[in-house]
Amino acid sequence: MAKGIDPLISDIYRAEWGRLVARIIRLTGDFDLAEEATQQAFEAAVSRWRERGIPEHPRGWLTQTARHIALDKIRRGKVLRAKVERLDAEDTAAPGEALEIPDDRLRLIFTCCHPALALEAQVALTLRTLLGLETDEIARAFLVQPTTMAQRLVRAKRKITDAGIPYVVPETGQMPERLHAVLTVIYVVFTEGYAATRGESLLRTDLSSEAIRLARLILELLDPAPPEAKGLLALMLLHDSRRAARLDAAGDVVLLEDQDRRLWDQRAIAEALPLVAGAVGPFGLQAAIAAEHARAEKAGDTNWPAIVALYDRLRQVAPSPVVELNRAVAVAMVEGPGAGLEIIETLEELEGYHLLHSARAELLRRLGDSAGAKRSYARALELVGNDSERRFLERRLAELS
């Protein structure tokens with residue numbers, strides 16, 4: 001086996017999974033078949049590429065393999081001849097034919113976000129099927145247990161089958177009713193790239209970059225672009241602008257207040273700030289909060305009262321325990337750690353969320369309660385999945401000891 005081939009295969013898997021599933025769904029109209037054929041294609045690739053090396057065009061190899069697997073399954077299942085003919089036919093658009101959504105992945109995201117399903121089901125099914133996120137990664141986005149999310153995914157697929165929900169690309173007039181779910185999908189993908197659920201590194205740049213690419217496509221597609229689509233792109237650009245400063249040379253977490261702001265991507269910030277104007281929706285308000293950090297040349301210049309005011313507006317537009325947790329941190333910067341801690345202690349829904357306990361620990365540390373801070377850091381360590389975050393928490397705990 002060639003040295004280092006397995007990490008290369010993993011990179012290809014992350015980059016190509018969603019694109020390949022989307023392609024096979026577009027050809028067959030069958031979600032389960034597409035997932036199964038894609039999974040088997042990657043299994044075949046691992047076996048073959050370890051022996052013979054990665055081909056010059058791995059995407060083409062995977063596509064052809066998945067197509068053949070899907071075709072064999074259709075034929076063996078004796079399904080309608082129309083499906084076979086459709087899979088055998090050339091799957092590119094006819095010369096001169098214009099597609100309303102000129103991107104396979106974005107087209108299928110709009111297709112999956114069907115209003116007949118609950119919003120959470122739309123988002124979860126799209127994340128799992130098209131974008132290759134694992135069940136525990138999706139579960140974290142919704143603050144539920146992986147087993148709970150797995151059951152919801154099964155129920156969503158069953159509803160598609162039982163209700164005969166047609167999965168076809170929506171017409172332009174149908175896109176607005178699906179837009180919120182589509183934007184939510186894109187943001188969850190970005191969030192997983194910004195702070196990975198598990199693994200050695202905190203960052204998964206492949207996911208965050210893909211989310212930004214999709215958001216830019218939406219702005220090109222919808223003219224005039226809805227404010228929330230602008231807000232989402234601004235939010236992701238502002239967060240991503242800090243990427244180079246978020247980890248030190250050892251790959252360990254650097255808190256926002258300690259980051260070298262000279263490393264922040266000023267081009268991304270300059271692109272984002274004009275998109276924040278007039279923010280009123282959830283993504284726009286979060287972008288406005290991120291913009292306040294971007295405008296501060298150093299941590300001490302941050303306009304924390306303005307951030308608290310924006311969180312107050314956000315909690316009215318889109319109330320959630322995570323919004324309250326982030327607001328608590330901002331309140332602590334304005335009114336002191338005790339005020340922030342009072343808010344945190346009301347958030348029982350987040351007891352299984354490691355960031356609640358790390359935030360509590362930080363505020364307790366600032367109040368001089370070392371014993372309480374140790375207990376909260378220890379609890380956060382029990383819940384955290386990412387190695388980079390784990391090392392940060394261990395270091396904080398060791399400093400108290």
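These legends go with close-up views of a helix pair and a cavity in a predicted model.

**View 1. Helices α17 and α19 side by side.** Here α17 (residues 354-366) and α19 (residues 387-400) have axes that come within 12 Å and cross at roughly 25°. Helices are DSSP runs of H or I, at least four residues, numbered from the N terminus; axes are lines fitted to C-alpha atoms over the stretch in contact, with angles from 0 to 180 degrees between N-to-C directions. The two are therefore roughly parallel, a label for angles under 35 degrees.

**View 2. Who touches whom between α17 and α19.** On the α17 side you'll find His-354, Leu-355, Ser-358, Glu-362 and Arg-365, and they meet Glu-389, Leu-393, Arg-396 and Leu-400 of α19 (contact means heavy atoms within 4.5 Å). Sorted by class, that's three nonpolar, two polar and four charged residues.

**View 3. The cavity.** Searching the whole structure turns up one cavity of 30 Å³ or more. A cavity is a set of points on a 1 Å grid, over the protein atoms alone, where a 1.4 Å probe fits but cannot get out; lining residues have an atom within 4 Å of a point. The largest cavity has a volume of about 40 Å³, the space filled by probe spheres set on the points. Its lining is Gly-193, Tyr-194, Leu-203, Thr-205, Ser-208, Asp-240, Arg-243 and Arg-246. Helices α9 (175-194) and α10 (205-221) each give two or more of these residues.

**Notes.** Numbering starts from 1 along each chain as its sequence is written, and side-chain values use heavy atoms, leaving out hydrogens and water. Local features need pLDDT of at least 70 and side-chain atom pairs count only at pLDDT 80 or more, while totals for chains, interfaces and linings use all residues.

Conventions: Angles under 35 degrees count as roughly parallel, over 145 as roughly antiparallel, 65 to 115 as roughly perpendicular and the rest as oblique. Ala, Val, Leu, Ile, Met, Phe, Trp, Tyr, Cys and Pro count as nonpolar, Asp, Glu, Lys and Arg as charged, and the others, Gly among them, as polar. On a 1 Å grid over the protein atoms alone, a cavity is a set of points where a 1.4 Å probe fits but cannot get out, and a pocket is an open set with protein on both sides within 12 Å along at least five of seven lines; lining residues have an atom within 4 Å of a point.
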